[in-house]
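Trainee: I've got the model open and I'd like to go through some of its packing with you. Could we take it one question at a time?

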Amino acid sequence: MYSTVCGGVLWWIFLGWLVIAGSCLSPQGQSMPMGPEERLALKEEAREMFYHAYNSYMDNAFPADELMPLSCRGRWRDTEPSRGDIDDALGNFTLTLVDTLDTLVVLGDIEEFDRAVRLIIRHVSFDHDIIVSVFETNIRMVGGLISAHVLAEHLNQLYGSLNWYRGELLTMAEDIASRLLPAFNTTTGIPHARVNLKYGMKSPKLQSSRETCTACAGTIILEFAALSRLTGNAVFEEKARQALDYLWGQRHRGSDLVGTVLNVHSGDWVRRDSGVGAGIDSYYEYLLKAYVLLGDESYLERFNKHYQAVMKYVSQGPMLLDVHMHRPHTTARNFMDALLAFWPGLQVLKGDIKPAIETHEMLFQVIQRHNFLPEAFTTDFQVHWGQHPLRPEFVESTYLLHQATNDPYYLRVGEQVLRSLQKHAWVPCGYAAVKDVRTGGHEDRMDSFVLTETFKYLYLLFSDPSDLIIDMDEFVFTTEAHLLPLSLARLSNLTAVPLREGQEEASDQDVEYSRSCPNAHFLFPGHHEFAATIRQPLKNFVNNVCPSRKTLKRKLRASEFQAGNSGHMGLLRDMGIAIMALPDGRVQLLHTSSNAKSSEDAEEGLMFMQEMIELSKMQQEQPDNPPRMVSFVRWGPDGRASTTTIRAGPAQFGLDLKDNIEVKGVAVIATPIKACEDLTNGGGMMGKVVIMERGDCMFIDKARRIEALGAVGGIVLDNNEGTSAASSPMFAMSGDGADDVNIPLVFLFSADAQILLQALGEGENLEVVLADYRELDTGEGTVEEINVEIESTGSATLGTSTKITAPTPNIPSILTNRQQVGPEGPELKPPHGPQTDDLVPVEDPLEDSTEPQAEWEADMKATRQSLDDAQTAEEILTAALKFVNLRTEQDTPDALVSPTSLINELQTLLIRKTAHDPMLLHALLSVHLTDLMAIMQKVAPSAVEADSSLQTMVSELGSLVHKISGKERQTDSPKSASTKKEKSPETKIPVETSVKESHSLEHLTEKLQEKIRKFKKKYEDLKSKSISELVSETRKFPSQDTKDEKLIENDEL
């Protein structure tokens, strides 16, 4: 597609109008003309490259989604080890062939296109219980099917081919697009990132879906509008338009920039870094192309606004660096990703040729340095992420620049890309992605876009329009290089958008007139070789930037990092790395260079993140480890014995407890309990199972120490309060690569550990059994499953059943490699309260604060005082909202705390305020839950953090009830009851004795906890459940006595 948009008017560039005389410059400044014979040879070589990959797929992988070129077999979803988000593009729907159909037409292979269409109709279906990416499925599958349908009809009209075809591909496109529609059922109209092809959003794995990227939501309009106008079903274009409208409304009004990730329900930005690369790229592309394809000028107006902002803030000479959308003069990171290589091509379509040439030249020089464009590279053009999955964006921009300039220089650029693919990516079974451009190693991966885009653009670059069987001027390329006809603009008034009475249809003359465009002599008077003159000053732009030769003294490597080491946490803050613990036990790390203490710390932070990514990949490659169990016999007051079994995590070292291997021994607690130094009771370890606490040293060091003292096994207890196997992901304890431990070690979460410690306190010589996790057959005895929930104060609520029903989970291993010393576990608690030592005050150039700091401090002091003086839940919420607004809206250094610190600070304030009155906390979590949720989500970095904070408050309520009711039962003081009643009048509970009131509330809280446990047990295969859903369930449970019913009824008031 060769269009540009100059001065707000759409112009089409025809090759005859843009003939540029003269030669071009190589990177060395030499003239490099290309004759027709050489160009023809390169075109045929590009064709052969396509067929080498295509035939390898058809012979070895079809009908699988992708070819694995090193294994020479197909990749099916859920049959190969998971690659994370990359696999969301796969749906077991023959992705590569569908995505490649229109490339066959571009190459003129009508016979193979006919055969491929028949195969698609015969073999492809979509009724699969598989979760797929809405974005990838739309651009690859929906776009591929629509493009193939249009071309099938087009070829039939031109050449009489495919006369058997009756629109089957369009029907399939409507089918799969309809399966994506449930993702759009959000309050904002922004679609969820993923959807289940069979069950929509009802899949249990999608219950926590809340966030999506800007490009994911904004790259739908072309395919969905085309589908609406071809089928007459307007719903697709309406949904896509609604998503674009909302994204436009969420831009920052001062900068006109958008962020990278947002919440689909609230519309709040989760990541506010803004650029033209990953996460945003195709949103800008589709705004411009929606105008080209559909003729709606509102799309062009929006694009022009964004474009001006990008060129003002993001563009820094030839480079494009991400900035903060709300502080656009502050750089968000000091590296660029490969996806921004599409931007010069988009600038060609915009008609802004000069910066397109400059950025393209910079990218080409990076390629000359590394053979390929690395997935990310730094501002001094060193490799940041070394992968290269044979992406097409640079070739696309090269093709479009050649179309706009007719400069043979870009043919030479394309030739070098072709040679690199042949030399470094060719394998006997296709073309393999490059794992690291520095080493040249391969990945067993060939994405569908290699056939769909990379080889298509290479072939078109070396082709003459007369070589093609279709006129490319009649189509627009989607972001996946699928072809959509420009005639769709004239279909809108007949199908998806019916004519209003009296409205006249646009004439064809208007469409033809919009194709006019000035030639290069008008744009660049007196410069026939204008592209070369623009490149000339940049010919050594990359080579002149040498990497720093100073050796950076590393303070902390990823392999050395320990979560419980406060010094390590401080070093991460200095590097600009923020850590957030997710409710499922995983840890999220975010690096922001502008938050680093110094430029050297920022550089080390980048290195640390790269190392963490590699360690994470190693972790995923490790095999899953089955869970273990700790069991022991307890004697009841009636003299009957019962066996208690607790699920435990395994170790990746020591004796493997498989094939019915068991280890028995009397339990003994190590002194000191962390067992990281010489034990004072080491003489009593012989033949015992030693209980230790996590922390201060590696798991394997604890094992070595107790084994040397004669222990037969060890149990490590978690030092994070409130964790349990029922609510936290199980993991395997890592070693250091040495195979010198011969005893088993197992891990218990803190809640589960309380059961063991309680049994140990009931009597001496408790014998425990360490074994593989399984259902036990104990003959006449009883097997009990004990579900334990430890509150923040250490109290426990126990429940029992007569059969072990918990499923065996998959346990991800923890960073195990012979060269690394990993952290002892994945859980990290975010710091409570504001962390000001890692804050870097940044002046906002867009916002001019008129209030002095003293006034802000006075307001904050008054707000804190109003929170302290609040007597009712409503007053607490009013003060909390004012506190949040002051902390987030005031542009002061103190207000720049991280979202994680801010929500923890708010949580701490609320718990401290209600510490002596459980009824106030209960009112916040029930009657006023909706308001509390809204306040929490206002400051939370994600809805997950808000839910986690509320879950902590539920736990605090339970522990508070236990603590207060225990004290009041001892004192039985009517005075305290009346005092409590005065503090919380909104509950309207009849005044009785404090013991009865506390007992009633305690009973209610126990029932609340029991309801949550039952809810989790019923849906134990779910990853998580929103706190609002859990607590709302408590309002529905049946009361067992009249007093509880009155309590609930009064609380509902």
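Trainee: At roughly what angle do the axes of helix H5 and helix H7 cross?

Mentor: Keep in mind that this is a predicted model. Two packed helices are described by the angle between their axes and the distance between the axes. For H5 (residues 168-180) and H7 (residues 221-231), the axes come within 11 Å, and the crossing angle is roughly 125 degrees.

Trainee: Are H5 and H7 parallel or oblique to each other, then?

Mentor: Their axes cross at roughly 125 degrees. Angles over 145 count as roughly antiparallel and 65 to 115 as roughly perpendicular, with the rest, once those under 35 are set aside as roughly parallel, being oblique. H5 and H7 are therefore oblique.

Trainee: How many residues of the contact of H5 with H7 are nonpolar?

Mentor: On the H5 side you have Leu 170, Ala 173, Glu 174, Ala 177 and Leu 180, and they meet Phe 224, Leu 227, Leu 230 and Thr 231 in H7. Sort those by type and you get one charged, one polar and, for the nonpolar ones, seven.

Trainee: Over to Ser 420: does Ser 420 count as buried or exposed?

Mentor: Ser 420 sits in helix H14 (residues 409-424). The cut-off for buried is under 20% relative accessible area. Ser 420 has 9% relative accessibility, so the residue counts as buried.

Trainee: Which residue's backbone oxygen does the side chain of Ser 420 reach?

Mentor: Leaving out residues up to four places away in sequence, Ser 420 touches Phe 372, Ala 425 and Asn 371. The backbone oxygen that its side chain reaches, at 3.2 Å, belongs to Asn 371.

Key
Residues numbered from 1 in each chain as written. Predicted model: local features only at pLDDT ≥ 70, side-chain atom pairs only at ≥ 80, totals over all residues. Heavy atoms only, no water. Axes fitted to C-alpha atoms, helices over the stretch in contact; angles between N-to-C directions. Helix = DSSP H or I, 4+ residues; strand = E, 2+ residues; numbered from the N terminus. Contact = heavy atoms within 4.5 Å. Nonpolar A, V, L, I, M, F, W, Y, C, P; charged D, E, K, R; others polar. Buried < 20%, exposed > 50% of the residue type's maximum accessible area, 1.4 Å probe, protein only. Polar contact = N/O pair within 3.5 Å; in protein donor to acceptor, adjacent residues only side chain to side chain.
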